[in-house]
Amino acid sequence: MGMAINACPSCTKQFGLKSLDHPHGRLDEIMTVNFGTGIRRWSETTYVCTDCGTIIVHTSSKAHVGPSWWRDLG
Ligand SMILES: [Zn+2]
């Protein structure tokens, strides 16, 4: 997987979507990590775009401040 400088249009759009929106069709799930207990449970799912190589993280947390979809630069 190469270093992607620019996100493709689908990924760029994804960053503006809400938590309940679905990943676009070229995003393949890499892993999901679960956090919390009881009603304070949420998960973070990491995807890679098969078009542009961008790695995107999604949180299901309703308490999350900021975008629900963001680019993982790690
Ligand atoms: Zn992409």
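Mentor: A residue counts as buried if 20 or more other C-beta atoms lie within 10 Å of its own, exposed if 12 or fewer, and partly exposed in between, with C-beta atoms placed from the backbone. Also, this is a predicted model: local features need pLDDT of at least 70, side-chain atom pairs count only at pLDDT 80 or more, and totals for chains, interfaces and linings use all residues. Residues are numbered from 1 along each chain as its sequence is written.

Trainee: Okay, which residues of β3 are on the covered face, and which on the uncovered one?

Mentor: In β3 (residues 55-59), Ile56 and His58 make up the covered face, while Ile55, Val57 and Thr59 are on the uncovered one. In general, side chains in a regular strand alternate between the two faces of the sheet.

Trainee: And how do β2 and β3 pair?

Mentor: β2 (residues 42-49) pairs with β3 in the antiparallel sense, over five bridges; a pair of strands needs at least two DSSP bridges between them to count. Val57 is the bridge partner of Thr46, and Ile55 is that of Val48. The two strands form a hairpin with five residues between them, and Gly53 in the turn has a positive phi of about 80 degrees.

Trainee: What about the β4 side, what does Ile56 stand opposite there?

Mentor: Arg71. β4 covers residues 69-71 and pairs with β3 over three bridges, again in the antiparallel sense.

Trainee: So what's the strand order in the whole sheet?

Mentor: It's an open sheet of four strands, β1-β2-β3-β4, with antiparallel pairing. β1 and β4 are the edge strands, each pairing on one side only.

Trainee: Switching topic: which residues form the largest nonpolar core?

Mentor: Six of them: Cys11, Leu27, Tyr47, Cys49, Ile56 and Trp69. Such a core is a set of buried Ala, Val, Leu, Ile, Met, Phe, Trp, Tyr and Cys residues joined through C-beta atoms within 7 Å.

Trainee: Last one, is Asp28 buried or exposed, and why?

Mentor: Asp28 is exposed, because it has 11 other C-beta atoms within 10 Å. Asp28 sits in β1 (residues 27-35) and touches Tyr47, Val48 and Thr50, leaving out residues up to four places away in sequence. Contact here means C-beta atoms, placed from the backbone, within 7 Å.

Terms used. Two residues are in contact if their C-beta atoms, placed from the backbone, lie within 7 Å.
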